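Subject: Structure handover

Hello,

Here is the structure I said I would pass on. My notes on it follow below the files.

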Amino acid sequence: MGADRSYAYGAAAGLLGDLLLGDPRRGHPVAAFGRAAGAVERLMWRDHRGWGALHTAVCAGGAVALGAVAERAVRRSPAASVALTAAATWAVVGGTSLAREAGAVGRALRDGDVDAARARLPHLCGRDPQALDADGIARAVVESVAENTSDAVVGALVWGAVGGVPGLLGFRAVNTLDAMVGHRSPRFLRYGWASARLDDVAGWPGARLTAVLAALAGPDPRGAARAWRADAGRHPSPNAGPVEASFAGALGVRLGGTLSYGGRVEHRPVLNGAAGRPVAVTDIDRAVRLSRRVGLLALGVTAGARLLWKGRGK
């Protein structure tokens with residue numbers, strides 16, 4: 001069995017493992033990486049971009065190096081290679097946890113328990129839940145499902161296809177570092193700059209593939225393409241913009257607008273404002289189903305592309 005087939009089988013097994021098992025309650029490898037990165041940050045922190053860049057290089061580079069060593073150690077055993085790729089894929093993708101958290105908020109909203117929905121929302125995104133009513137919570141969930149389909153599933157599969165296990169671990173490390181230090185708080189405005197910029201670069205291909213697949217797999221491909229073309233560039237994030245706009249058009253809803261993070265109010269442009277309607281609670285399940293379809297399509301596209309590309313080089 002060639003290395004590329006081993007990767008394809010392993011990635012499929014890892015994604016299946018995520019679909020069946022989700023994330024473990026305790027001892028998740030990404031959480032372990034987060035604790036290690038936090039320890040490095042406490043040792044290295046200076047209010048300086050250079051120190052932040054060094055922190056990013058140490059943590060992300062360490063994850064890539066670990067993946068490379070592990071991949072090299074099993075290269076002579078096809079079964080071990082498949083198992084390693086499966087374990088790495090399962091560890092870095094988070095589609096099932098995303099769907100579960102979104103579903104939990106949706107159920108609370110359907111039961112009319114807005115307080116329970118507010119309490120659950122921080123498990124899914126960083127919005128200020130107390131500033132949101134039921135409709136605002138539903139919109140936040142749909143936006144988070146859209147963005148995290150790229151960050152938690154498709155982006156990892158793209159970099160896994162490019163770089164194997166090191167690519168999988170490296171992408172998740174970069175994405176985790178951005179969540180930890182990439183936000184614009186006073187402490188991390190300079191120190192987290194490198195992590196935020198590297199995450200923008202690493203997330204670029206996955207975000208575009210997510211937007212394309214959402215348009216193809218959604219109920220309104222033309223609407224998705226139209227919203228992407230018209231509104232994606234107006235979003236402050238170069239990667240969330242295409243994904244959220246495509247999801248908005250595919251689902252026929254309006255996303256964006258005023259939101260609050262950490263007490264800071266932002267007025268973002270409305271996506272699909274001309275053709276979309278306000279988000280309803282039922283749209284949460286629709287967004288989750290679309291996210292699932294996009295993840296499965298992304299597996300086929302990325303594994304197939306790796307097989308074709310490597311096959312051409314033989």
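In which helix is Leu-297 found? Leu-297 sits in helix α11, which covers residues 282-312. Please keep in mind throughout that this is a predicted model.

Apart from neighbours within four places in sequence, Leu-297 has contacts with Leu-213 and Ala-217. Ala-217 is 80 residues away from Leu-297 along the chain, yet their C-alpha atoms are separated by 8.5 Å.

Next, a helix pair. Helix α3 (residues 49-73) and helix α8 (residues 193-217) have axes that come within 7 Å and cross at roughly 55°. On the α3 side the contact is made by Arg-49, Gly-52, Ala-53 and Thr-56. On the α8 side the residues are Trp-193, Ala-194, Ser-195 and Leu-198. By type, the residues of this contact divide into four nonpolar, three polar and one charged.

On spacing within a helix in general: an α-helix has 3.6 residues a turn, so residues three or four places apart point the same way.

Then the aromatic rings. How many aromatic pairs does a search of the whole structure find? The search finds one, formed by Phe-188 and Tyr-191. Their ring centres are 6.5 Å apart, and with 45° between the planes the pair is tilted. Phe-188 counts as buried, at 10% relative accessibility. Tyr-191 is buried as well, with a relative accessible area of 0%.

Last, helix α10, residues 240-251. Is α10 enclosed by the rest of the structure or open? Of its 12 residues, 12 are buried, so α10 is largely enclosed by the rest of the structure. The buried residues include Pro-242, Glu-244, Ser-246 and Phe-247. The length of α10 also agrees with expectation: at 1.5 Å a residue its 12 residues should span 16 Å, and its end C-alpha atoms are 16 Å apart. Just after α10 comes Gly-252, which takes a positive phi of about 75°.

Regards

Terms used:
Residues numbered from 1 in each chain as written. Predicted model: local features only at pLDDT ≥ 70, side-chain atom pairs only at ≥ 80, totals over all residues. Heavy atoms only, no water. Helix = DSSP H or I, 4+ residues; strand = E, 2+ residues; numbered from the N terminus. Expected span 1.5 Å × (residues − 1). Buried < 20%, exposed > 50% of the residue type's maximum accessible area, 1.4 Å probe, protein only. Contact = heavy atoms within 4.5 Å. Axes fitted to C-alpha atoms, helices over the stretch in contact; angles between N-to-C directions. Nonpolar A, V, L, I, M, F, W, Y, C, P; charged D, E, K, R; others polar. Phe/Tyr/Trp six-rings, centres within 6.5 Å; stacked < 30°, edge-to-face > 60°.
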